[in-house]
Amino acid sequence: MKASTKSPRLTRRDALKAGAAAAALPLVHVQTASAAGSLKLAFWDHWVPAANPVMKKLVAEWGKKNHVDVTLDLLSSGAANSKLPLTQAAEALSGTGHDVMAFATWDVQHYHQHLAPMDDVVGGLIKQYGPMDPVAEYLAKVKGHWMALPTSIGSQYKPTCARISFFKSQGVDVEKWYPAKPGNASTAAAWTYDELLKLAPAAKKAGMPYGLGLGQTTDSVDWTGAVLRAFGGELVDAKGDIKVKSDAMKECLEYFQKLVPSLPDDTVSYNDASNNRALISGKGALIFNPPSAWWVARRDAIKVAEDCWTFPNPTGPKGKFVPYLPYFWGVWKFSRNQSAAKELLSWLQQRDRVQELCNASSGYDIPPILSMHDFKVWETEKPPLGTLYNYPLRPWHDATTNVSAAPAPAHIATQIYSNATFNVMITKLAKNKQSMKEVLDWAEREINGYINM
Amino acid sequence: MADGTTGAAASGVPARRAATRGGALHRMARRRSTIAVMMCLPLFALIAGLVVYPFFYSIYLSMLSREMDRFIGLFNYEYLLTSDTFHLVVFQSCLFAITAVFFKALIGFILAHVMHNISGRDQRVWRGLLLVPWVIPPALSTLGWWWMIAGSYSAVNWFLQLVGLHPVAWLAITGWARFWVIVVNVWFGTPFFMIMYLATLKSVPEQLYEAAAIDGATGLQKIRYISLPLLRNIISITVLFSLIVTFANFDIVEILTAGAPANSTQVFATYAFQVGIGSGNIPMGAAVSLFIFPILAIFAIFILRGVNRRAKEAI
């Protein structure tokens with residue numbers, strides 16, 4: 001009893017040892033996820049309601065298995081509700097917050113200096129499953145290093161979603177162009193931008209103009225960027241040189257001059273909801289969009305959904321380009337549990353998990369790993385059966401993915417993209433009736449500014 | 001405390017000095033001005049933390065490079081001054097804010113007088129109804145406006161077609177798009193003006209209007225010679241307040257047009273967001289936002305000078 005009341009003597013040597021052990025504790029802690037700890041994740045709040053519970057279930061499963069206390073926050077991202085980009089900015093500047101953050105298209109390039117490299121995770125996945133989509137690589141790599149992991153959640157193509165009956169009325173069977181089974185590019189050789197232009201007046205006359213916007217939000221920016229690439233045009237090339245006054249650019253702008261009169265009268269004020277409304281209301285012959293509009297039509301306007309067929313964008317003089325907007329998961333440098341975070345992200349991108357998440361989103365999500373484009377979900381979604389079969393790019397589509405403003409260096413491209421520079425050019429030329437020279441001069445001045453920023 | 005006292009007493013002179021010092025501190029602490037300053041300290045701390053620090057931090061931020069790793073002085077401002085798009089933003093912001101505030105003040109003034117002349121329960125009902133636009137979150141009400149006027153499927157165009165007229169692409173034509181963002185802002189902000197003016201009108205002695213009526217003044221003359229002079233200060237203050245809020249408006253433009261067509265409806269706040277968050281250039285976004293400051297400072301100086309002058313005249 002007496003001995004227990006006497007406090008043990010702490011020598012300076014003991015104190016130093018204890019201090020060193022305490023300092024090493026966090027290092028030990030991050031060595032392996034099995035060492036437990038906690039993780040805070042901020043993922044994109046999926047707009048398909050069934051997708052979020054599956055993600056929550058998977059994250060909880062991993063946490064339980066690895067004795068890690070995982071918190072998952074789902075943050076929305078959209079024109080009127082931009083929680084995700086605002087949280088990214090706040091956490092990057094303050095150096096505190098979640099361990100893992102979701103990043104949309106250009107955000108990795110915006111915050112790469114605050115992110116931990118992910119070469120080990122991405123490299124491992126590539127070794128397991130094969131290459132990533134080149135657009136995902138362009139957006140996630142900085143100076144040769146993967147700064148974030150491309151993920152399937154929220155990643156989307158924006159291909160054609162067309163009304164079968166309208167095209168049939170014009171003598172075209174889109175289901176034959178792109179059947180719901182392996183085919184070859186020759187069946188769809190007629191699907192060109194010339195064909196799109198040729199059918200446009202008939203669509204407008206039928207009261208179903210194409211639901212294609214020339215506004216300043218992403219849906220509008222993405223499809224026009226794909227058209228420009230298909231014509232061989234670029235605003236800025238990969239070396240950073242301005243290419244605004246090229247022949248390809250002029251040819252593409254002239255194409256838009258011919259197309260715009262057949263588009264809806266309010267095309268230049270379209271936002272990301274306008275094209276969906278065009279399709280779901282039954283007043284649009286086609287849109288370039290992920291299957292979200294078809295999905296809502298299936299819920300609210302089944303007759304329209306039954307008449308929809310999804311397939312790649314038209315071919316231009318320089319090829320077929322399909323807009324691709326991938327999402328990414330990055331680990332902040334300030335995270336104290338980076339290895340656990342990486343383990344979790346790698347685990348979530350294993351084929352089985354990606355497939356489960358794709359099924360939950362009814363095939364909306366497009367995995368950035370190309371070998372995962374063979375999931376059954378795209379074959380089985382209906383009505384009509386197979387309507388999404390050609391949503392993921394198949395090898396025989398002979399198509400290339402594209403993000404508008406590529407291949408310009410990312411710090412210039414992101415400005416071209418967010419300022420919708422090409423769409424403003426089209427509006428000035430085709431709606432405001434400015435001359436080609438005025439428009440090209442304006443674009444050159446604008447882009448010069450972006451380069452010098 | 002007991003130890004201290006004993007110690008001071010034991011040492012003689014130092015004890016007296018300590019007592020004198022303690023007395024001076026005690027007197028200072030009991031001074032009313034000191035108490036006032038002490039009581040204001042939490043407020044000063046709040047203002048320093050939430051106003052002064054963010055303001056100077058945003059100035060500092062606006063002088064950094066895109067990657068925020070280099071100090072580049074006034075380069076961001078220089079760039080903006082040469083940008084065609086930014087010139088358009090300045091023009092549209094001024095047009096939007098000045099026109100909207102003018103109409104909010106005018107309609108608010110008229111409505112306040114109409115309300116003032118409605119008596120009893122009816123006034124309460126109308127007042128409540130007219131306040132509705134102001135209490136609905138603007139993001140939601142703007143979405144409602146978008147559904148009414150957005151292009152091909154809008155209620156307004158449906159009505160136009162019903163009466164045999166052609167639909168109009170309201171948000172796709174520069175003039176109309178600018179018109180509608182102003183209309184929505186006026187619709188949202190007018191109740192604020194109305195309620196402020198109505199409150200002031202209620203404090204105007206009724207005898208003034210009665211005396212004017214006996215002298216044969218018409219309704220317009222009563223407004224010109226009684227209401228307006230008495231409302232001048234509140235008009236100035238509400239106009240200044242509304243100018244500040246309207247210049248910083250974001251949601252109406254973002255939801256209704258997102259700056260389209262061709263940036264013609266872009267205002268400071270939407271452009272700052274597009275550049276700062278959309279393009280990942282937070283320093284440039286900060287520079288865009290700070291351009292509002294000198295413009296508002298000019299308005300504030302003129303308006304507050306008028307208020308002060310009238311206050312001195314009243315004394």
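The paragraphs below lead through a predicted model, from its domains and cores to its surface and some backbone details.

In this predicted model, local features need pLDDT of at least 70 and side-chain atom pairs count only at pLDDT 80 or more, while totals for chains, interfaces and linings use all residues. Residues are numbered from 1 along each chain as its sequence is written, chains are lettered from A and ligands numbered from 1 in the order in which they are written, and side-chain values use heavy atoms, with hydrogens and water left out.

Chain A is assigned domain 1 (29-155 + 326-372) and domain 2 (157-325 + 378-452), with bounds that come from an automatic or database domain assignment. The C-alpha centres of these two domains are 28 Å apart, and the contact between them takes 25 residues from domain 1 and 27 residues from domain 2, where contact means heavy atoms within 4.5 Å.

The largest nonpolar core holds 206 residues, of which A:F43, A:Y210, A:L235, A:W329, A:F422 and A:M425 touch the most other members. Such a core is a set of buried Ala, Val, Leu, Ile, Met, Phe, Trp, Tyr and Cys residues joined through side-chain atoms within 4.5 Å; buried means under 20% relative accessible area, exposed over 50%, and partly exposed in between, with a 1.4 Å probe and protein chains only. A second, separate core of 18 residues includes B:W145, B:I149, B:L160 and B:V267.On the surface, B:L43, B:L46, B:I47, B:L50, B:V51, B:V52 and B:F56 form a nonpolar patch with about 670 Å² of accessible area together. Patches are made of residues with over 30% relative accessible area and no salt bridge, with like charges joined within 9 Å and nonpolar side chains (Val, Leu, Ile, Met, Phe, Trp, Tyr) within 5 Å; a salt bridge is a side-chain nitrogen of Lys or Arg within 4 Å of a carboxyl oxygen of Asp or Glu. Accessible areas come from the Shrake-Rupley method with a 1.4 Å probe, and for residues only the protein chains shown count as cover.

Most residues other than glycine have a negative phi, and most peptide bonds are trans. The bond joining A:P383 and A:P384, however, is cis, with omega about -20°, and the bond from B:A260 to B:P261 is also cis, with omega near -5°. B:N263, which is not a glycine, has a positive phi of about 65°, and B:N263 is buried because its relative accessible area is 4%.
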